[in-house]
Amino acid sequence: MADSKDTRPATQLAQALGIIEPAYGGLVPALHWSTTYERAPDGGYPKGRAYGRDENPSYDAAEAVLKQLEGGAEALLFASGMAAATAVFLALSPGDHVVAPRVMYWALRKWLSQTGARLGLAVDFADADDNDALKAAIRPGRTRLVWIETPANPTWVVTDIAAAASIAHGAGALLAVDSTVATPLLTRPIEHGADIVMHAATKYLNGHSDVIAGALIAREKDEFWARIRANRAGMGGILGPMEAWLLLRGLRTLHLRVAAACQSAARIARFCETHPACVGVLYPGLPNSPGHAVALRQMRGGFGGMLSIRTRGGEAGAFRVAGALKVFKRATSLGGVESLVEHRASVEGAGTPAPPDMLRLSIGIEDVEDLVADLDRALGAA
Ligand SMILES: *Cc1c(COP(=O)(O)O)cnc(C)c1O
């Protein structure tokens, strides 16, 4: 890992920090399947590992890369993005108050308002892109955690991380950021004041729609982080070694995939903006987008590969467009090499921030002209 701190993210990713497998000098780390480790005659563990539930060496390289990219003190892999996110909330205590965004990953919103509430968490949902609304949602003396997501699924509203950090810290609370869509290449939340960064590694970090995984990165290894660490070991739903190994393989091309997705998403946003069958484009990269000014400040190198379009003809019109697309695949999820389309309002149901005429697009790494032609034809046909 020599000198990795002097290199740039693309080099750190391509070489996985230059880690060399110690036994034979392989450029790719070995996969470790053992669930248990031999004790020395004195009963100790000379190699530092006891049991594979949360000490699998197959996690080490990907965790080291994510820690370095985010500029944190430690990174932990989880079995999914949801496992990572819920490990944070489960480190709180009953009665603790949480502020979460109104626009956020739907399954987590549902978990917070159902399971989180049942476990005694008091949760308020606020418009996190509005600093005054965020501040008003704080309950002095009770708020322990402010959770934000930026850009936020599925309308890509942007939250000012530095402002949210100062609001949270001013109230004695921590700030956690779901940075799945930004990736560590476009935004480094810890630099803007975040305490914990969460990624659904299932999405861009792995990037090939073949691994479910999650990650958390901490600014500091404090007492709250120790609880999160204990939750990973104690709740026991861990990532498999093969998934960790595949995740590291995916990470090696993250910079190329993210750059391509950003460039193509920007091109598609501009194309849709002027298309007569489109009545709106939600993308923080567009200069007239409400989140653009904040995005310019806290995103570097692009505005992400996610956008949503609003189509003529309401919900039926949106379904006709989705049904007519051929290159885009109709599927949930995001951040993979293939472009996806999904009608979010019908997936999310009551309370969704997605308008009925909206389609969410995850832009992959195909030739952008094929994607534009596909959209042009489908929008025209509908
Ligand atoms: C997918 C996703 C999650 C959940 O991740 P899983 O790996 O599917 O559990 C959380 N947040 C965002 C923004 C996501 O896109």
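1. The protein chain of this predicted model is divided into domain 1 (4-251) and domain 2 (255-381), with bounds taken from an automatic or database domain assignment. Taken over C-alpha atoms, the centres of domain 1 and domain 2 are 26 Å apart. The contact between them, meaning heavy atoms within 4.5 Å, takes 35 residues from domain 1 and 38 residues from domain 2.

2. Domain 1 and domain 2 bury about 2,900 Å² between them, and 60% of this lies on carbon and sulfur atoms. Buried area is the accessible area (1.4 Å probe) that two parts lose on being put together, summed over both. On the side of domain 1, Trp-106, Leu-186 and Tyr-204 lose the most area to domain 2, together 27% of what that side buries.

3. The ligand has 15 residues around it, of which Gly-81, Met-82, Asp-178, Thr-202 and Lys-203 come nearest; a residue counts as near if one of its heavy atoms lies within 4 Å of the molecule. By class, this shell holds seven nonpolar, five polar and three charged residues. Here Ala, Val, Leu, Ile, Met, Phe, Trp, Tyr, Cys and Pro count as nonpolar, Asp, Glu, Lys and Arg as charged, and the others, Gly among them, as polar. At least two residues of the shell come from each of α3 (81-89) and β6 (196-200); helices (H or I, at least four residues) and strands (E, at least two) are DSSP runs, numbered from the N terminus.

4. A backbone N or O atom of Gly-81 lies 2.8 Å from an oxygen atom of the ligand, and a polar backbone atom of Met-82 is 2.8 Å from an oxygen atom of the ligand. For Asp-178, a polar side-chain atom lies 2.7 Å from a nitrogen atom of the ligand. The ligand taken alone exposes 380 Å², of which the protein buries 93%; these areas come from the Shrake-Rupley method with a 1.4 Å probe.

5. Some backbone angles deserve attention. Most residues other than glycine have a negative phi, and most peptide bonds are trans. Ala-16, in the loop between α1 (9-14) and α2 (60-70), has a positive phi of about 45° although it is not a glycine.

6. A cis peptide bond joins Thr-150 and Pro-151, with omega about -15°. Another cis peptide bond joins Asn-153 and Pro-154, with omega about 0°. Pro-151 lies in the loop between β4 (143-149) and α6 (161-170), and Pro-154 is in the loop between β4 and α6.

7. Residues are numbered from 1 along each chain as its sequence is written, and side-chain values use heavy atoms, with hydrogens and water left out. Local features need pLDDT of at least 70 and side-chain atom pairs count only at pLDDT 80 or more, whereas totals for chains, interfaces and linings use all residues.

Methods: Polar contact = N/O pair within 3.5 Å; in protein donor to acceptor, adjacent residues only side chain to side chain.
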